[in-house]
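The stops below are meant to be selected in order.

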Amino acid sequence: MVSDAPTTDAVWLRYRQLARALQIEHARRGTEPWYECPMTMAQLRALSLIAASQRGLSSRELAAMLAVGPSAITPLVDRLVERGFARRTEDPHDLCIDETATTENGSALLERMAAGQSDVIRDILAQLGPAELEIVGAAFDVLQAGLQRTIRTTSDTLLTPQGTTA
């Protein structure tokens, strides 16, 4: 018997189609925040990772997250600091270690990027009726639960030696 249940790949394809349609709508409106981003994708990615950390990141941590050598991090962080998007502080216990955190400017830039993405979504949601909004809200709850399971699984894997599971 053939199942009509959607597969992960089929749902992923629907998501990609929706993401592409949203990107086209952003471009049509002229509200695509990426067009006005004053930094490279590498800098934006680094800033996003730094902002996601509550305490800031050391250069070693950032290099590991970006899968680059430590020598590549210094000019990247220097550029973020020069432009006022990040600040660097030295570890008082070890002068060889520095921590990088976002500044208010850096946080504001990331917020503008996210807000620019949400305008079209907000307009779409405004076109939906109460029953449709309830379905979308329930779908978001399911995605949130899946994200939490993914985070737990990923954290467990990252914390064990050699990537073996506990």
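**Before selecting anything**

This is a predicted model, in which local features need pLDDT of at least 70 and side-chain atom pairs count only at pLDDT 80 or more, while totals for chains, interfaces and linings use all residues. Residues are numbered from 1 along each chain as its sequence is written, and side-chain values use heavy atoms, with hydrogens and water left out.

**Whole chain**

Show the protein chain as a cartoon. Its secondary structure comes to six helices and three strands, where helices (H or I, at least four residues) and strands (E, at least two) are DSSP runs numbered from the N terminus. Along the sequence the pattern reads α-α-β-α-α-β-β-α-α. Colour by accessibility next: 23% of the 166 residues count as buried. Buried stands for under 20% relative accessible area, exposed for over 50%, and partly exposed for what lies in between, with a 1.4 Å probe and protein chains only. Contact means heavy atoms within 4.5 Å. Among contacts between residues at least 6 apart in sequence, 48% join residues at least 24 apart.

**The nonpolar core**

Select Met-39, Leu-47, Leu-62, Ile-73 and Leu-80. Of the 19 residues in the largest nonpolar core, these touch the most other members. Helices H2 (41–52), H3 (59–66), H4 (70–82) and H5 (104–126) each supply at least two residues of this core. A nonpolar core is here a set of buried Ala, Val, Leu, Ile, Met, Phe, Trp, Tyr and Cys residues joined through side-chain atoms within 4.5 Å. In soluble globular proteins, nonpolar side chains tend to be buried together.

Centre on Leu-47. Leaving out residues up to four places away in sequence, Leu-47 touches Met-39, Leu-80, Phe-85, Thr-102, Gly-106, Leu-109 and Leu-110.

On the H2 side, select Ala-42, Gln-43, Ala-46, Leu-47 and Ile-50, which meet Leu-76, Arg-79 and Leu-80 in H4. The residues of this contact divide into six nonpolar, one polar and one charged. Ala, Val, Leu, Ile, Met, Phe, Trp, Tyr, Cys and Pro count as nonpolar, Asp, Glu, Lys and Arg as charged, and the others, Gly among them, as polar.

Beyond residues up to four places away in sequence, Gln-43 touches Leu-76, Arg-79, Leu-80 and Arg-83. Its C-alpha atom is separated by 9.9 Å from that of Ile-73, 30 residues apart along the chain.

Leu-49 is partly exposed, with a relative accessible area of 22%. Apart from residues up to four places away in sequence, Leu-49 touches Leu-57, Leu-62, Met-65 and Leu-66. From Leu-49 to Leu-62 the C-alpha distance is 7.6 Å, across 13 residues in sequence.

**H3 and its two sides**

Select H3 and look down its axis. Leu-62, Ala-63 and Leu-66 are buried.

Ser-59, Leu-62, Ala-63 and Leu-66 in H3 meet Pro-70, Ile-73, Leu-76 and Val-77 in H4. This contact divides into seven nonpolar residues, one polar and no charged.

**Last stop: Ala-67**

Select Ala-67, in the loop between H3 and H4. Ala-67 has a positive phi of about 55 degrees although it is not a glycine. Most residues other than glycine have a negative phi. Ala-67 is exposed, with a relative accessible area of 69%.
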